[in-house]
Amino acid sequence: MSVIDRRNTGSEKWERWQGRDILPMWVADMDFAAPPCVLDALRARLDHGVLGYTRTMPTFGEALAGWLRRRHGWAIDPGWVLSAPGMVVAMDQAARILGEPGSDGLVLTPIYPPFLRAPGHAGRRCVRVPLAGAEIDWEALERAAGPAANVLWLCSPHNPTGRVWTRAELERLANFVLRHDLHVVSDEAWMDLVLEPGCRHLPFASLSPEIAARTITIVAPSKTFNLPGLSCAAVIIPDAALRSAYGKADLGLVPWPNLLGLTAAEAAWSRGDTWLDGLLPRLRANRDASHAAVNSLTGLTSRLPQATYLTWIDCTERAWPDPAARFEQSGLGLSDGRPFDGDGFVRLNYACPEETLAEGLRRLRICAAP
Ligand SMILES: Cc1ncc(COP(=O)(O)O)c(C=O)c1O
């Protein structure tokens, strides 16, 4: 894939260190163009010329239902699907309707930072349950599930560890949820970017009708097709009462759907299969190269991410006070682990052309030289 110059395009990733020789490999978007089928659909929509207030049409849920059936073997009713202007908004909206103010939401850490904030935005408590490496600490999870526990916040596949939860793990979580009578918010942003050949993403709500009835699943085309700038996500709520409560919880803060986001999502989910099939081997090669590079360096380690395009790097052995700042000084812009609840870690985004990756890994080696 060729290098596209993203400087001076208002890119969050590339503007952060504007004018400085720091290669950005942090926030989770890819340095690749969106699929041609999406760009064609956007052009066709613009050619119509009128960009008025927009509603989410049934075709949105239908396109997602087709995608989930083809890619994940999950049969949903398109009527369960609502649109949202991004996954984080949907998380905040879900937090408002689950549990009572003051109740507990359980979150497995380290985690994509908005998970740590969503319960608090709605006056709920966020109870952090640290993973043991990249494994669920079942005893800690049981201890955390006190009488005030109401919601399990699940990130599946998991950002930042790149874990794809196995069927056995998800079934054990389902059992846990039923025993403690919890609702689940399952963020499946990374469902399509499973890179490890033996692993398969299993939508949590697909485990059983009982689980579906207590789960709010949030997905988006933003990671898979590199469309986060279009602010469009989907919320899947099989239970009618829960869906209605969610729909009423926008409190006038959530805007109308973004016309171009909906257009892009429908095109991607309807016709994006071949493009994604071409992307996955590229990401897998980058993953392997980054993993090998990190683990060849003294005192730095990472586990092979099973999914995502992110490598979670453990720098604790080096005892640097601020690893992200240290990488920055060597010209490499990584995500600081601390907002994820990962002190001593950094996160590297390897979704870029080969040349960019090679330069990033060169800078990584310079930084890690003793
Ligand atoms: C787990 C997870 N959920 C949600 C998001 C945000 O998605 P969006 O930009 O579509 O709201 C991200 C972005 O990196 C993510 O990693």
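The model is predicted, so local features need pLDDT of at least 70 and side-chain atom pairs count only at pLDDT 80 or more, while totals for chains, interfaces and linings use all residues.

**Stop 1: the two domains.** Colour residues 12–31 + 274–368 as domain 1 and residues 51–271 as domain 2; these bounds come from an automatic or database domain assignment. Their C-alpha centres are 26 Å apart. Where they touch, 23 residues of domain 1 are in contact with 26 residues of domain 2 (contact means C-beta atoms, placed from the backbone, within 7 Å). On the domain 1 side, H11, S10 and S13 each give two or more residues. H11 has the largest share of that side, with five residues. Helices (H or I, at least four residues) and strands (E, at least two) are DSSP runs, numbered from the N terminus.

**Stop 2: helices H11 and H13.** Select residues 273–295 for H11 and 354–368 for H13; their axes come within 10 Å and cross at roughly 10°. The axes are lines fitted to C-alpha atoms over the stretch in contact, and angles run from 0 to 180 degrees between N-to-C directions. Show Asn286, Ala289, Ser290 and Ala293 of H11, which meet Leu357, Leu361, Leu364 and Arg365 of H13.

**Stop 3: strand S10.** Now select residues 310–314: four of the five residues of S10 are buried, so this strand is largely enclosed by the rest of the structure. Buried means 20 or more other C-beta atoms within 10 Å of a residue's own; exposed means 12 or fewer, partly exposed lies in between, and C-beta atoms are placed from the backbone. S10 pairs antiparallel with S9 (residues 301–302) over two bridges; pairing requires at least two bridges found by DSSP. Serine 302 has isoleucine 313 as its bridge partner. S10 also runs antiparallel to S13 (residues 345–349), with five bridges joining them. There, leucine 310 is partnered with asparagine 349.

**Stop 4: the nonpolar core.** Which residues touch the most other members of the largest nonpolar core? Select Ala233, Val235 and Ala264, out of 112 residues in this core. Such a core is a set of buried Ala, Val, Leu, Ile, Met, Phe, Trp, Tyr and Cys residues joined through C-beta atoms within 7 Å.

Methods
Residues are numbered from 1 along each chain as its sequence is written. Two residues are in contact if their C-beta atoms, placed from the backbone, lie within 7 Å.
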